[in-house]
Amino acid sequence: MSEAQKPTKQPESCCPSDAESAQKPGNVEKGKVIQLKPDLPAYVVSKPGATAGLIVAYDIFGFKGQSRIRQVCDQLAEAGFFVILPDYYRGQQWTPEKMESQGFAGLMKFIPQFPWKGALETDFAAALALVKKQPTVKKIGTVGFCWGAWIACRGAISGEISAVYNAHPSVHVEQSFGGSETDIAKLVKCPVMQDTAGGDKDTYKEGGDFFKALQAHPFGEHCVTRDFPDMAHGWTTRGDLSDPKIAAGVAKALGGGIEFLKKHLHESATETSSETTAASEESK
């Protein structure tokens, strides 16, 4: 990390202390793993004829075996999307064992190993290129969970993304690289929907600085934030589905996120996304 990228203050952890721990997923997966680049695997799943694509970014527990992230990708594909989940960590994901032995101090050393500039941005570009090659895909969105919300919003700065859905967002990962979550919110070029847990930072909630920065865009009226005060950070991908309350919270969050993405990405949607991207360009 260059001197310009070093944080000027102590960055905050991506996860609050009451976050859900890792959760073993089910064994059923509908997609397949491909090599997006020689050193970059990706999980891909789709139904034939998908007219919109989604680039999904996981939480700190990574690509496989510690959350339901692939099952969530399968759910998104069933809703009519071409879905790709790159393994940005290349198998080096955080684990409960690391958390127990290293604590949050260790996590804060782990996160800066994966900068956007010169690293993750090229991985995202590879995923974007693959989605754009799909003959039926017309619009593209991003989806992020916890740490992945940072990737989803970073990707939406490109101008090639038409909608973002984030759950229990940790865009403040940007603090580890000398910026802030609000800096990123000011740069995104499409509508964003986010679902927050009770313990998540107030900045993402109604009246918070991050959300107010989103609302300040020409497309701000189409941005949405919903708070789930009874849910813990990570509930959508790691919460215990045998608990009816958590299962209901997962269904409401992901169901609402899918409807938001359909509204802005499917060909039957209004022209909101293309219009607001153009308006954002004009406002520069």
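Two strands pair if DSSP finds at least two bridges between them. Helices (H or I, at least four residues) and strands (E, at least two) are DSSP runs, numbered from the N terminus. This is a predicted model, in which local features need pLDDT of at least 70 and side-chain atom pairs count only at pLDDT 80 or more, while totals for chains, interfaces and linings use all residues. Residues are numbered from 1 along each chain as its sequence is written, and side-chain values use heavy atoms, with hydrogens and water left out.

**View 1. Strand E4 and its paired strands.** E3 (residues 52–57) runs parallel to E4 and is joined to E4 by four bridges; Ala52 has Phe81 as its bridge partner in E4. E2 (residues 40–45) is antiparallel to E4, also with four bridges, and Val44 stands opposite Ile84. Buried means under 20% relative accessible area, exposed over 50%, and partly exposed in between (1.4 Å probe, protein chains only). Six of the six residues of E4 (residues 81–86) are buried, so the strand is largely enclosed by the rest of the structure. One side carries Phe81, Val83 and Leu85, the other Phe82, Ile84 and Pro86, and all are buried.

**View 2. Cysteines without a disulfide.** The structure holds zero disulfides, a disulfide being a pair of cysteine sulfur atoms within 2.5 Å. The closest cysteine sulfur to that of Cys153 is in Cys190, at 8.1 Å, too far for a bond. Cys153 is buried at 0% relative accessibility. Cys73 is also buried, with a relative accessible area of 0%.

**View 3. The surroundings of His217.** His217 lies in the loop between helix H6 (209–215) and strand E8 (224–228) and is buried at 13% relative accessibility. Leaving aside residues up to four places away in sequence, His217 touches Ala185, Lys186, Leu187 and Val188 (contact: heavy atoms within 4.5 Å).

**View 4. The salt bridge between Asp123 and Lys37.** A salt bridge is a side-chain nitrogen of Lys or Arg within 4 Å of a carboxyl oxygen of Asp or Glu. The closest N and O atoms of Asp123 and Lys37 are 2.8 Å apart. The pair links distant parts of the chain, with Asp123 in helix H3 (residues 116–133) and Lys37 in strand E1 (residues 32–37), 86 residues apart. Asp123 is buried at 2%, whereas Lys37 is partly exposed at 23%. Salt bridges link Lys37, Asp39, Arg90 and Asp123 in a network.

View 5. Glu259 and Lys262 form a salt bridge with closest N and O atoms 3.9 Å apart. They are three residues apart in H8 (residues 244–265), so about one helical turn separates them.
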